[in-house]
Amino acid sequence: MSRYWRMTNHDVLHPIGWDSFGLPAEQFAINTGTHPEVTTAKNIANFKRQLQMLGFSYDWNKEIATTDVNYVKWTQWIFLQLYKKGLASQSEVSVNWCPALGTVLANEEVINGLSERGDHPVVRLPLRQWVLKITEYADRLEQGLQGLDWPSGTMTAQEQWIGKSEGTEIEFKVDGLEGEKVTVFTTRADTLFGVTYVTLAPEHPLVSAITTPEQKETVNAYVATTSSRSDLDRTSSKEKTGVFTGGYAIHPLTKEKVPVWIGDYVLGSYGTGAVMAVPAHDERDFEFAEKFGLDIKWVVDSKEEGEELSKEEAFTEHGVSVNSGEFDGLTTAEAKKAITAKLAEISAGGPKITYKLRDWVFSRQRYWGEPIPIYFPVDFPEGVDPTAVDPKDDGCDHTIRFDQPIPVDEADLPLKLPEMEDFSPGDDPAGCLARAKDWRYFQKDGKWFARETNTMPQWAGSCWYYFRFLDPKNDAAAFSPELDEDWMPVDLYVGGAEHAVLHLLYARFWHQVLFDLGYTKHPEPFQKLVHQGMILGSDGEKVSPFGLVGMISIVACRRLCLH
């Protein structure tokens, strides 16, 4: 494509770069006992040599690497813009922590409570994490897909990942706990009269308060067991498990008491961490009720006259309300509106829009990533002169005030990684950078401060590289407004379908923030997207074009790659 447009007398920018931070590079360095900076540079040089042998028409004058300090500077600068706009904040997040590997694992990396790599025990821990508030852009991210020339499957994948749902928020008061309530979200408010129990996630903050003394031991044991299972493991399991708390919630309309259970199929990280269970009209709730002998109440009937509903399975289709008091006879759509309005009238709920999309957990407890440009004050016990003590010393009593984050001055960027001989992860959730005490602690104006020891995820650098391709040598800005106007948005993006809902969504989020801040005139980064195919070997496995170099002639390899 680049050759064609050049031959038709068009200006073409066909750049190349290296997304070179991240866990794979670090893990390889740990396994080989070599610093990741060294192994990364070697790999880049090898890839570059092979690409040049293949004769691709890349503009090597625009070459970048996300690990170059001049690139890191502007990645950190963008983080500071997110922070100043209120889109980057700290939060205690329940994560999959593997002490043996010394890092947080993704849900996909945990199988039956053990790490996929090495079969090490994994526990759910609340850790202080930096979070980017991508959910504040959920509507924009969905609406921005309109008008883009992207594969329909990728558009659908992003829409489903954002997961906009219009429904009803409903509040159930807790019996015996004054002022406490369980909030749920549902898209089927018409089934409210069919609620026969409420299920909380094991990590729901009200579990302890609702649980009766008689059920305490059973509930605590269940919570401990589920704490080692990942969200993916819990939701994909076909076996439904749960225990009764001994407590009850009050139905907002009938005022009946309904039992409160906890079940591991409900996630604290999704929605409100609680669901109203309507077993007659929800397959998952039906299976749970059948297993534990809970009541099943039918409140939606088929629209088809004379049709007898099976009581052997949940009826999940739309129909007509029955056994629902004043709402009997209404269609599903009518009942949804009427019941939602009634809840709003009595201040027990109302209409609500939610998203499947979660805020982006942005912290990694590893070495090979961009340092987060934030530091914190260090406090000492009352009466201690801060100029007479050193928090780097073992045994020095001090407190890092994580509740008072301070952004690094933009003039002091880039904040570089410290030189470390031992950069392997440890069992400290603060990350291996916490061991670099001379780097972590510093004095300023007679006061001690501590740098953030979490690093950014490998997605950070790839969120904005297309901007840096425009202006890779610019020391004064991430990119110039003139070049943004000349070249953006990207006319053709060729990339793998595996990036549909992570890299492409994160890049669009950062881009829209920069658009709001006035750094780009274009609301979307990639106008046209094409997914390339894959070269497969005789065994059906993916083969990189680089692996073909040396196996066959360069001419044949070029023909294969270009056709």
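The model is predicted, so local features are described only where pLDDT is at least 70 and side-chain atom pairs only at pLDDT 80 or more, while totals for chains, interfaces and linings use all residues. Residues are numbered from 1 along each chain as its sequence is written, and side-chain values use heavy atoms, leaving out hydrogens and water.

**View 1**
The pLDDT, which is the predictor's confidence in each residue on a scale from 0 to 100, averages 91 over the protein chain. A score of at least 70 goes to 94% of the residues. Residues 554-563 are another story, with pLDDT below 50. Beyond near neighbours in sequence, that stretch has 14 contacts in the model (a contact means heavy atoms within 4.5 Å).

Helices here are DSSP runs of H or I with at least four residues, strands are runs of E with at least two, and both are numbered from the N terminus. H11 covers residues 332-345, and its end C-alpha atoms are 20 Å apart, which agrees with the 20 Å that its 14 residues should span. That expected span is 1.5 Å times one less than the number of residues. Buried means under 20% relative accessible area, exposed means over 50%, and partly exposed is in between (1.4 Å probe, protein chains only). After H11 comes Ser-347, with a positive phi near 55 degrees.

**View 1. Helix H4 is mostly covered**.
Of the 16 residues in H4, 13 are buried. The helix takes in residues 69-84 and reaches 22 Å from its first C-alpha to its last. Gly-86 follows H4, and its phi is positive, near 80 degrees.

**View 2. Strand E12 pairs with E10 and with E11**.
Two strands pair if DSSP finds at least two bridges between them. E12 (residues 257-263) is largely enclosed by the rest of the structure, because 6 of its 7 residues are buried. Strand E10 (residues 197-200) runs parallel to E12, joined to it by 3 bridges; here Thr-199 has Trp-261 as its bridge partner. Strand E11 (residues 242-250) pairs with E12 in the antiparallel sense over 6 bridges, with Val-243 opposite Ile-262. The E11 and E12 hairpin has 6 residues between its strands, and Lys-255 takes a positive phi near 65 degrees.

**View 3. Trp-77 and Tyr-519 form an aromatic pair**.
Rings of Phe, Tyr and Trp (its six-membered ring) pair if their centres lie within 6.5 Å; planes under 30 degrees apart count as stacked, over 60 as edge-to-face and the rest as tilted. By this rule there are 37 aromatic pairs. Trp-77 and Tyr-519 are edge-to-face, 5.0 Å centre to centre with 80 degrees between the planes. Trp-77 lies in H4 and Tyr-519 in the loop between helix H16 (503-516) and strand E24 (529-530), so the pair ties together parts that are 442 residues apart in sequence. Trp-77 is buried, at 10% relative accessible area, whereas Tyr-519 is partly exposed, at 35%.
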